[in-house]
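The following report treats selected features of the structure shown below.

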Amino acid sequence: AAEDGLNAWLRYARLPDNIIRQAEIPSNIVSLNSTETSPVYVAGLELQKGINGALGKTLDVTHKSNKRSSIVVGTVDAFTAAGGKTNAPELEEDGFWLDTKGKTVQILGQNERGALYGAFEYLSMLAQGNFTKVAYATNPSASIRWVNQWDNMDGTIERGYAGLSIFFKNNTTIANTTRVAEYARLLASIRINGIVANNVNANPITLSDENMAGLGKIADAMRPWGVRLGLSLNFASPQTLGGLSTFDPLDKSVITWWNDQTAKLYKHIPDMAGYLVKANSEGQPGPLTYNRTLAEGANLFAKAIKPYGGIVMFRAFVYDYQNLNESNWKDDRANAAVDHFRHLDDEFDDNIVVQVKYGPIDFQAREPASPLFAHLRNTASAIELQVTQEYLGQQCHLAYLAPLWKTILDFDLRVDGEKSVIGEDVLSGKRFNKTLSGYAAVVNVGQNTTWLGTHLAMSNLYAYGRIAWDPTVDEVVILQDWTRLTYGLNRKVLDTITDMSMQSWEAYENYTGNLGVQTLTDITYNHYGPNPQSMDNNPWGQWTRADSDSIGMDRTVWNGTGFSGQYPSEVAAQFESIETTPDDLLLWFHHVPYTHILKSGKTVIQHFYDAHYDGAETAASFPKKWTSLKGLIDKQRFEEMLFRLEYQAGHAIVWRDSIVQFYNNVSGIPDAAGRVGHH
Ligand code: GCU
C-alpha cells in the first residue's frame, strides 16, 4: 500500500474487464531514443508500465520504427528524421502532439520533455478508461512551471506537514535518490519542469563542495523526468561561507565569489535551472544592507548565471517587519511589494523573474490578487502559490485549493483599461510581450508515503500542475481526472470526492476568517488553529484592527493605507468604495462597524456567527459523506482519511467557538440565533 501512495495518481490500477474490452491498443511501443537517462526512454517504459497496469497487456519497447501498429513516442524531429509522417502543427517548447486516430499512436514532443508529457497524457486517458480517438496539440501557457520546496539542510521542512526531507539530512544531501526520482516522475506527469529543493530561508552551507556534489546527484536523478534543479541562495554567503569581509553586491570580490560558485555548480549540474532569492525580508540578508537596490542585488546573480542560460527567480515577498506599527493608521504590510518594486521595473536584467505571492500578504484563506502584476511591465513575473496548506489547515483539514487559485488567476487587473487577466493574459506573457513568465508553488512533500501527509491533499499538487499548463482549465475537470486516477472509476466515489472537495475551501474560510479579514489563525508561531487575538499588535503587519465597535483594515486612498490605489484605476475605484467592494473582501479593504449591513443583508457580526456555524456544519458532513464510501475504496485509504476528516470536523467546532466567542466578547452584540454568548 505504501507503494500505491508513492504512485499517487500514477497507480494505473487495473480497469474493469468490460472497459478493458473496449480498448484498441497497438501491439508495441517505439521510443525514439535508446539512451536510458533520456525522457523519451523513460516515456517508453512508463507507457509499458501504465498499459500493463491499467489494461493488463504487456507490450515490448523498441527504439526503431517498425511496420507493426505501434505507440511511437519521441520528438517531432526524431520522428520525421526516421521517415515518419505526421499532422503535428508547429509546437512550442515543451508542447506535444497526441494522435490516436491512425494505426500508429503518435506521441510527439517539441522536445523530449514534451514527448514525455504526451506519454503521460495518453496514459491518463487510458487509465480513466477513455479510449476516444483524438488528434490534438497542446502547448504550455508559460515556460516556468516550477515547484519550491522549503527543505532545510538538516532535513526539517519549513511549513512542511509530511515528515522529513527527501533531499537533505544532517546538513548534507541524502545519497539515496530513489524518492527524489519518484517525486520527479510525479512532477513530470503534471508537466512541472523545475524544482528548487532548498528553503528560501537558505543556509549558506548548501554551497559547500560536498553539497554541490550531492546536488549534482539529485539533479541526475530528476533529469530523465525533465525536471531541472534550481537552488535558493543566501545573500550573505560570500561572507558567512566564503569568508569575505562583505556581501555588498557591487563589491568586486563578491561578484567574483558568486561567479566562481556558479561555475562550480554548473560543473555538477550542467543544466541547472536557476537561482531563487529571498532578500531583505523577515530577517534575511540582502542588498538594502549596503544601500543597494533590490535590482542591483538581483542583477548580481543574473549576470553570474547568464552565461549558462540560467534564470533568477527573485522574490517580491520583501517587507520590513521591524518597522511596522499598528498605531499608525497608514502602516500596511500589504503595500510593501509594490512599494519596493514599482520603481525598479526598468532595472532588472532580462533573465530575472520576479516571483510574486498571489496575494499582498501571505497565503491567506482569501486575498485580493497582488497588484504588483500590473506594475511589472518590463520585468518578467511569476506567481507563487502554496500547495502546502500553511494557513489552510496544514493537511489536517481538507481544502481543495484550485478554486482559490482561480479567483486570482481569473482576476482582470484592467491595466490601462484593457483586459489583463492574470493567468490568461499576464502570466502567459501575452499582455506585456514576455517570453519568460509562469508559476511556482511551494509544495513541501516529505518522506511520508502519501507525500503530503494525507491522501486527499494530493489533489492540490495535481491541480497545480494542470493549472500552470493551462490556467483556464476548469477546477472540477482537474479534480475529477485526479479522482479517477487515484480512486478508480466508481461514480459514487467520484461524486462524493467532488462534492466534498468543492465545498472544502469555502467551508474552511467560513469557520476561520470571513469577509477578507484573513485566516484569524495563530500568527506568531505555527499558523495553525484559531487565535484571533494574535491578529493585532503583532510585528508581522497581519492586522484586523478589531476594537469594540468596528473591524477591518482601511486600505482606501481617501482615508486609509492607500493600498487600493496600487491597482490600475478601474480596479482601484472598485475597491475604494464600500458599495462596489465584494462582501468577501470587505474587511480587507474597509474598516466598518460590526453592525455594517452587507450586500447579503446581514450585519458583519451576524455574518461571522452564521458563517462559522455553516462552515463547521459542512465540515461535520465530511466524515458522513466519506463513510458512505466504505467498501468502495481500499481499507487503508478509507480509514486514514476518515480519521483526518473526523479530526477536521472536531477542529472546525473549536474554530467556530473560539472565533464567535471572541467577537461576541469584543463587540457585545448577541447572535440573532441565540447560539453564542453566556447562557
Ligand atoms: C511565510 C512563512 C514563512 C516563509 C515566508 C516566505 O511568512 O510563514 O515560513 O519563510 O512566508 O515565504 O518567505
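Trp146 has Ala440 in β16 as its bridge partner. In this predicted model, local features require pLDDT of at least 70 and side-chain atom pairs count only at pLDDT 80 or more, whereas totals for chains, interfaces and linings use all residues. Residues are numbered from 1 along each chain as its sequence is written. Strands β7 (residues 144–151) and β16 (residues 438–442) run parallel and are joined by 5 bridges; two strands pair if DSSP finds at least two bridges between them. Helices (H or I, at least four residues) and strands (E, at least two) are DSSP runs, numbered from the N terminus.

## Domains

The protein chain is divided into domain 1 (2–138), domain 2 (144–474) and domain 3 (488–553 + 591–679), with bounds from an automatic or database domain assignment. Between domain 2 and domain 3, the C-alpha centres lie 30 Å apart. Their contact takes 29 residues from domain 2 and 32 residues from domain 3; two residues are in contact if their C-beta atoms, placed from the backbone, lie within 7 Å.

On the side of domain 2 that touches domain 3, the residues divide into 15 nonpolar, 8 polar and 6 charged. Here Ala, Val, Leu, Ile, Met, Phe, Trp, Tyr, Cys and Pro count as nonpolar, Asp, Glu, Lys and Arg as charged, and the others, Gly among them, as polar.

## Helix α15

Helix α15 (residues 475–487) has 13 residues and reaches 18 Å from its first C-alpha to its last, close to the 18 Å expected at 1.5 Å times one less than the number of residues. Because 10 of its 13 residues are buried, α15 is largely enclosed by the rest of the structure; a residue is buried if 20 or more other C-beta atoms, placed from the backbone, lie within 10 Å of its own.

The buried residues of α15 include Trp482, Arg484 and Tyr487. The packing partners of the buried residues of α15 are α5 (112–127), α12 (402–409), α14 (458–469) and α16 (491–511). Just after α15, Gly488 takes a positive phi of about 90°.

## Val604

Val604 belongs to helix α19 (residues 604–627). This residue, Val604, is buried, with 25 other C-beta atoms within 10 Å. Leaving aside neighbours within four places in sequence, Val604 is in contact with Leu515, Ile551, Val592, Tyr594, His596 and Leu598. The C-alpha atoms of Val604 and Asp583, 21 residues apart along the chain, are separated by 9.4 Å.

Technical notes
A residue is buried if 20 or more other C-beta atoms lie within 10 Å of its own, exposed if 12 or fewer, and partly exposed in between; C-beta atoms are placed from the backbone.
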